[in-house]
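This briefing is for a reader who is new to the structure shown below. The points after it are grouped by topic.

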Amino acid sequence: MADGGLAGRRLLCPGLVGRTAEAALLHARVAGLAQGRGGVVLLVGAAGTGKTRLTQEVADAAVLCGAPMLAGRAVPGSTVAYRPLTEAFLGAFRNAPPPDAPELAGLGAHLGRLVPSWQGAGADDSPLLLGETVLRLLRRHGAGRGCVLVLEDLHWADAETLAALDHLADAAPDEPVLCVCTARPDGAAVDTVERLERRDPGSVVRIALLPDEDVDRMVAACLATSSAPPEIAAFVRAHGDGTPFLVEELLAGLVAAGHLRWLDGSWACEGELTLTVPVSLRESVGRRMVGLTPTARRVVGAAALLGRRFDWELLPGIAEVDGRSAADALRAAVDEQLVDVDGAGFAFRHSLTREAVLADLLPPDRRDLARRAWPAIERANPGLPGGLCELAAELAEAAGASGAAAQRLVESSRRALAAGAFISAEAAARRAVRVAPPGDAVALDAGESLLRVLVAAGKPGEAGEAGRRLAASVPPARRADLLAVTARAALAGGDRGAAGADVAAARAALTADPDPAVGARLDAVAAYVALECGRLDEAAALADTALAAAEGQAEVECEALEVRGRVARTRDLAEGQVWFRRAADVASRHGLASWHLRAQHELALLAWPSGDVEPLRETRALAARYGALVTVAVMDLSLADIALGAFDRDGALAAATACVEASRRFGLATEPVAHLWLAGAHALAGDDVAMEAAISRSLARDPEDPRILGDLYGRVLLTSAVVSGDLEAVPALLETGMEHVRRADPATSVFPGRVLWTLVRAADGADLGAAARIEYAAAADRIGMPMFHLQRELIEAVALGREGHPAAAERMERARSGLRRMSLSRGLVHVVEMLAARAAIRDGWGDPAAWLREAEAFFAAGGYGRTARRCRLLLAQAGAPVPRRGRGDSVVPATLRALGVTSREVDVLRLVVGGLSNRQIGERLYLSPKTVERHLGSLYDRTGVRNRAALRELARDHGVQSG
């Protein structure tokens, strides 16, 4: 699918990001006009930080309050007094006659300065009197509703306007007149800002740069997606300087250059991401560069070659000028707002300012400067720490030394990969491949570097093809190493056959040229292949062999420990945690960020079965920042699974959609299950058409995959039946699902649906489901998740209840208490309780009404009306009171609804919290005191409390606010 004409769009952010506090303050100040409170608010921030966007919030608030708004702005180079005020008043009164109002008498000359067609007589040209005229005219224009004046760009304002503003700051706070101004932190308004801040600190609002998390949110909002491609977000974070204007411009530039395209319903990156300087900024920088002397321009050009933050002491040698000339040039660049003082050094104001200066350099000048800058950087910084390695590569390339540039880019990529910065590592490796001279040894190094990054970052499709092509042209030992990497890529793409073939080919190559270090690396990846193929004993043995030979190779040790952990967790979760913690410790000690992330990922997955999902979310956020796309996709898959079990429609849809997009874009093995959980999200929403389409896509790769089919019947179609209220369809779905479950690999499958299958067998089977219970017990022991053991207790309680055993009720409550503490799969737990309650009503044991009330409250609160209705029908069958919504206006919290509390009773409860008497409550709700007393009695009976103080405490505990 084409980009739909998106190229060249500015991709403006549709909403305000990261400015909640500032917007709230402005809305509150506009609302204060209704109480006669006004004043001056000055928004101070660097160019592009969103000051103008905040004035739009002021305009929106003024419309809501019915207050008229006038707006004007200062412009650079203007010598006209009161220009922004004149623009504002002309816009409002251009065709209106002069006002005939007593409070404006004698101010005709000042009115004429605001609206030239109102010229009148007057004595002196006083900014103070003009400020008073502005105040009175705005007060009259507001006609009791208040009035708003917006003045923008006061860093360019004339002295007279700033003096009039000074008067407004003193006079307007007690008037229904609000003046909102914008200014940069330098320029003509500096003194005015300082005076206002001294008099009233709250009148000056400093607009900070956006933190990284808000930049990510803004990128996603501009692209109208829940999750932007990680490399795009990282690129914008690196070059946007936290400035909203630059965020939008960078995205527009990427789209215009074709590096960011809308393909098949999602955004995709293509090629190397490069900065595109907006025309307006390039012209602005060009005008400022023209204002410099030729020597200063040369110095600033040399500085631009050294990066956004540059070592100014190197400039005389690079630009071939003396120290005084270099200092004078920097002073001029600061005056022209090209460069800022940055601590003890200097920095260009924005990344794009630096790019605009570079773009202005003629090719001969750029090469000449680069030839001196490159060795200067390397002499001054031995080893090229940090980002200097990539800077040296950039300079070498500009100087025409492409081989040297490629070598430094390869080293930069290796460093970034070791640090877990996958996006930076990939960008550097791709540049190395591009600039390396064909046939040069560095070209092979560049290709291998890119291969390793692609595998680590989760792009198996591209990695496998490139790796096998590369392996064919290298010596045997290096070929074995490369084929081990391609095997990892094949595993990430779900192609176990290709992974096994790569391992076999690697072993053959290694036989011709044995190398123990390469052999250890190959054993580690071979262990992974055996693990994915279900050969657990072989995987453990290979991992142990790799560990024994891993001396000096921390990465091999981490990989082998990870395999041991994954094998161990199939038998014992606690043992798996021990191995993964060892892997995390090794990675941490050796500074291997990517392996540390993988170990944390595994530990987060082990925390999930105990009900703790926060480590999953934290690890996902970290993986997204690193650009570890496989980890992000796996986390999204897990979060979609969790949301489906919780009957969280929106959460399941968001996480499953994100995983589908990532899996499709990078050819990940997670795609079929991602489509399956997406089908589950549609099932929760009752969208059968979308559900069937997602099911088809989940089965497209392998229509007979038992893992997909088991959860299709035991989770997705079962969920669809439950939310539609069709409990009669449940047994047949579960039976079909179990046929597929038995064919699936027990080492890689969990299948919560078997809980319900065993429960139905225990509740309705002729033999109390004895065989099913034995089968389930074996699976629960193998999986090791606490939830499955608690569900087993619940199932055993149902079987005991059928026999009339007195221990059934106690066992049931013990299981339910444990499940409540876990807070995991809450929706699935309530489905289990609903089916258990149906059996308990029939067999006459336990407290099924209590289970059903909780289930009914959960489903009703979630919008699953048909399921809630089935709970109410079962309650009626049990002879218990059926929850009703009542005729009140309040929403009943699910916890109170489970106790049978109605909305009218919550109406009463809210007023009890507010301290009202029965008579006052009756007056407020149009009820008789006796009816109020009856509702209170019902509340006491349902909640178990016996006085109003206890009711107020209970209301606070359940989130009921005062009415």
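Phenylalanine 310 and phenylalanine 346 are both buried, where buried means under 20% relative accessible area, exposed means over 50%, and partly exposed lies in between (1.4 Å probe, protein chains only). The model is predicted, so local features need pLDDT of at least 70 and side-chain atom pairs count only at pLDDT 80 or more, while totals for chains, interfaces and linings use all residues. Residues are numbered from 1 along each chain as its sequence is written, and side-chain values use heavy atoms, with hydrogens and water left out.

**Aromatic pairs**

- The structure holds 10 aromatic pairs; rings of Phe, Tyr and Trp (its six-membered ring) pair if their centres lie within 6.5 Å, and planes under 30 degrees apart count as stacked, over 60 as edge-to-face and the rest as tilted.
- Phenylalanine 89 and phenylalanine 93 are stacked, because their ring centres are 6.2 Å apart and their planes stand at 15 degrees.
- Phenylalanine 310 belongs to strand β8 and phenylalanine 346 to strand β10, so their pair ties together parts that are 36 residues apart in sequence.
- One aromatic cluster is formed by Phe647, Phe858, Phe859 and Tyr864.

**Charges over rings**

- Arginine 649 lies over the face of tyrosine 864, 4.5 Å from the ring centre; a charge sits over a ring if NZ of Lys or CZ of Arg is within 6 Å of the ring centre and within 35 degrees of the ring normal.
- Arginine 715 lies over the face of tryptophan 677, at 5.0 Å from the ring centre.

**An open sheet**

- Three strands make an open sheet in the order β8-β10-β9, with antiparallel pairing; two strands pair if DSSP finds at least two bridges between them.
- Strands β8 (309-310) and β9 (339-342) stand at the edges with a single partner strand each, so one side of each has no neighbour in the sheet.
- Helices (H or I, at least four residues) and strands (E, at least two) are DSSP runs, numbered from the N terminus.
- β8 and β10 (residues 345-348) are joined in the antiparallel sense over 2 bridges, and arginine 309 has alanine 347 in β10 as its bridge partner.

**Salt bridges**

- The count is 66 salt bridges, each being a side-chain nitrogen of Lys or Arg within 4 Å of a carboxyl oxygen of Asp or Glu.
- Arginine 73 and glutamate 152 form a salt bridge, their closest N and O atoms being 3.1 Å apart.
- This pair links distant parts of the chain, with arginine 73 in strand β2 (residues 69-73) and glutamate 152 in strand β3 (residues 147-152), 79 residues apart.
- Arginine 73 is partly exposed at a relative accessible area of 30%, whereas glutamate 152 is buried at 8%.
- Arginine 309 and aspartate 342 meet in a salt bridge of 3.1 Å, N to O; arginine 309 is in strand β8 and aspartate 342 in strand β9, 33 residues apart.
- Arginine 309 counts as exposed at 52% relative accessibility, and aspartate 342 is partly exposed at 35%.
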